[in-house]
Amino acid sequence: MNMNPKLKVFSGFLFFLFFLSYNPLWSQSDPTGERRVTGTYAIKNATITTSPGNTISGATILIKNGLIEAVGTNVRIPNEAQIIDGDSLYIYPGFIDGASSAGVSKPADPERPSNFDPSNPPDENAGITPWRNVLDNFDFKNSQISDWRKSGFTVAQIIPDGGMLPGKAAVVVLGGNASTNILAQNTALNAKFRSVGGGRGAYPGTQLGIMAKFRDLYKNAEYSAQHQRLFASNSGLNRPEMNKTLQAFYPVIDKGIPIMFEVSNDLEIRRALSLQKENGFRLVLVGVTEADMVINEIKAANAQVLLSMKLPDDKITKAKTEDLSDEMKARTNRAKEAYENILKQAGLLEKAGIPFGFTSMGGKNSDLMKNLKLMVENGLSENGVLAALTTNPANILGISKFTGTIEKGKLANLVIFTEPIFSEEAHIKHVVADGYIFDYEIKTKKAGKGNGNGENGAVQIAGEWDYTSDTPAGSSDGLMSIKKEGDSYKGNITYSNPSGSGTATSEMKNISISGNSLTFSFEVAAGGMSLEVTVAGDINDDQFSGTMSLADFGSYPLNATKKPNQSKR
Amino acid sequence: MKKLKYILISFLMLAVMVANAQTPKGSVLIKNATVLTITNGTLEDTDVLVENGIIRRIGKNLTASNVETIDAKGKYLMPGIIDAHSHVALDAVNEATAPITSEVRMADVVDPYDVGLYRALAGGVTISHAMHGSANAIGGQNITLKHRYGSGNPEDLFMKEAPRTIKFALGENPTRVHGRGNGIQPRSRMGVEAVIRNGFNEAIQYKKSWDTYNTALKKKGATPVPPKFDTRIQTLVDILDGNIIIHCHSYRADEIYALINTCRDFGITNIVFSHVNEGFKVAPELAAYTMGASVFADWWAYKFEVYYSTAYNAAILTENGVITSINSDSGELIRHLYHEAGKAQRYGQLDDEQTLALITINPAKQLGIADKVGSIEEGKQADLVIFEGHPLSVYAIPQMTFVDGVKYFDINEDNNDMRLRVSATDIIEPIFLKEHDHRCMHGVDFFFTNFGRNLFDHTH
């Protein structure tokens, strides 16, 4: 464009004027009342771990408009800063989730065309949608986002849901609701060894077909890119066929982005590694378990690792063996060894020098700290945990330039504990994400005595409870009846039947009470599947307040009141 | 200079040895056994010396220092049993979504933790042919496994010297799955033949288009456009080029003969028929044009096309000069293939050597590995089984099983729990008798389980 330089300046000025008058940041009034008084905060006199292994005490962090402005023991606090007293607080860099499904929904299955041929389905019907952007099916306001933020996460790479090639990932900051919160999009091509429909619905139906289909797509993408290059620089050639599936591979072939392969065991890790070896792409393994069998192979391939933060149920550790036959005793012990081996995986990766991050996929935020502590008890260093939550995933995601540590100029992403992170009584009091402060109520555990609910200070949960829960589908209610049997509790819970009308009843499992906190789970049958619902919360007098979480759907408040005038038993 | 060359060569040798040293190789001296060599008669009171996985010497009064010696007096030593049709140690069996799936490879889904491998070793089986299922006219590429149980690396089980093989299937399975199940070709036996012929014709075109491209590439300054790449068709090209042995699931004589004709039309000679219950009707043709038939001893009537069957099948085929083997197709039968072979002897009066060949050298020939395994000969790989009692006796019990001279089964060290991998949560792990019915089964019924026929309603 050839423009008079003066005119150019003038139009730029006009644009500026326009911007000035319409940008809400500078507007005179804020009818919503949501605007912050200030974007400048100072957290004073805290113990700050700026990066794994580096801690300064009595230090101050100054945050300005989403960035860390200063950190240290000698920080001048400007007048406009809102001051948070950090005495006795412990600050860590905000956690980074290497791969998350939080807030991500599965796109609707496309209609099958009338001439549908299962042996040669359209890519979209075969779970092959590598052109999709996860952000198209992402809802930042989903409660899973706030759940994970509450556990200390400030950045997450979100992963699309779907078939063998569901789409491309994006990196978001778990900041305020006013922003899109997108840090980067199309950050990785996602792949998995699961097909749509899990069987014989359409090609590819099994891992056999998925491996073969992947190879062919990759090879054809290479040839397609070659064709496009030839066509661009030569005449007299047939035009290249534009194919969005193959084009979606181009940035992978150019090594601009990695493929993130979801894996569920060592054999799947080997399968992903063999595809990488054949084709030479950058590889991130997502959801790694059973790494001990393949550590050398992972190292040799220089693949990056996102370890599953999910651990198996620890029920085997409680299994009693005294009354068992020798055979069953031996089997139980082997299962225990297998369980302990899984707890060791993180430590083994650290020892092997593989800088792994974590993925929350398939895990529950309520289990996070418990699982991290188990990993530490089984060989992972505390600095190793912090690195896996901060610097390592920042490197794997390629975002360490602006987040992952507490340094001047980095995003103001912090997680603030009441005690050092691994101590028994540590609770998260604030999470700072993108410069926004999220406060969390610390429920101090009441001393056993004076609870008023039961004898000897123990909370008395036996009895009938009316509960209500709020889900996006609406409010629902039901009855929990709990009986004490010996040292343990048994119970049933009713709820509105998800597959039909009326109410359904399920057995309450794993009812456990510690202090005044109650946890249990139950199973709901819906659409041919069995969903596990876990409930956790605190009892005060005759009131229960907690949350119920459905593995992959999020967590919702659940409150209950004990029916009065029940005999104690 | 000469010295340098020598040093270089020795380094090279070292590299080769390291590359080959991936799977364990053992040395052992088995003494005073009755050696059933299969290819060279029975040798009484004979010693077999194994060095570094290879049978070095067969003879009397052999000695070796620093080698474990096993006294097998009164016991029988035979080559490791070879199962030419198995689905043990596979995470997936059927990519049952397309009539031709020649691009898929069973090597991709080998599960080295399958305790079925150990059970097979306990039955003296050292090699199994891990096959794709029979849902498709042209199924996937199979993998020949050596039962090196104990490694977590699937590749350690691959018999890398074995040639490539592929599964084909005729008759009711492909027509039921694709024709009746999905409303696509093949709906009939004619359709199965058409699918196979069309595949091969397409392969000829495909090969031509790539040959044209590759020739054009060699011209200076040429900018040819690459054709579409398709492993499925490329694999069919490899069959036409004689690089892959077909193992075809089949029952009826008419279909077997039809596929023989198809192969003759396309110049294919590397084909083995599997099951072949009506093979006895086309025995001369099988002898003349194929690498043989791999049959059941007495398993039939599990669907309409398998009613015309006989326990004399293996004997009739053998006497007609067909390379014949007896296979398991089952995680249960694989544990006593020597009994299955014994049935062929019981009905068909084959002699001991002919009978044992059904589960040793003959399946080795069908898998293209007879120069390496399948008999006790100097220079062959030391896959061996020691039996208490003659292996064709109903009282036979395998005592020890060796693969590459390494002992993987010993009846005296047979612990209760030989699993390599156990659940971290469940003491009793669930066993799935049938693949669980997820969504989208689309009326396709189940056609393979890895269990014995008498336990569950097995269908092939």
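Reply: Begin with contacts: two residues are in contact if their C-beta atoms, placed from the backbone, lie within 7 Å. Keep in mind that this is a predicted model.

Me: With which residues is B:Leu77 in contact, leaving aside its neighbours within four places in sequence?

Reply: The contacts of B:Leu77 include B:Ile30, B:Ala33, B:Thr34, B:Val35 and B:Leu36. Among them are also B:Val48, B:Ala72, B:Ile376, B:Leu384 and B:Ile386.

Me: Which residues touch the most other members of the largest nonpolar core?

Reply: They are A:Leu285 and B:Leu77, in a core of 237 residues. Helix H3 of chain A, residues 207-233, gives this core its largest share, 8 residues. A second, separate core has 19 residues, including A:Val459, A:Val533, A:Met548 and A:Leu558.

Me: Which residues are buried in helix H3 of chain B?

Reply: In this helix, residues 172-182, the buried ones are B:Glu172, B:Asn173, B:Pro174, B:Thr175, B:Val177, B:His178 and B:Asn182. Their cover includes strand E9 (164-169), helix H4 (189-218) and strand E10 (244-250) of chain B. After H3(B) comes B:Gly183, with a positive phi near 65°.

Me: What is the mean pLDDT of chain B?

Reply: The mean is 90, and 89% of the residues of chain B reach 70 or more. Where pLDDT is low, the predicted coordinates should not be read in detail. For the complex, the predictor gives an ipTM of 0.91 and a pTM of 0.85.

Methods:
Residues are numbered from 1 along each chain as its sequence is written. Chains are lettered from A and ligands numbered from 1 in the order in which they are written. This is a predicted model: local features need pLDDT of at least 70, side-chain atom pairs count only at pLDDT 80 or more; totals for chains, interfaces and linings use all residues. A residue is buried if 20 or more other C-beta atoms lie within 10 Å of its own, exposed if 12 or fewer, and partly exposed in between; C-beta atoms are placed from the backbone. Helices (H or I, at least four residues) and strands (E, at least two) are DSSP runs, numbered from the N terminus. A nonpolar core is a set of buried Ala, Val, Leu, Ile, Met, Phe, Trp, Tyr and Cys residues joined through C-beta atoms within 7 Å. pLDDT is the predictor's confidence in each residue, from 0 to 100.
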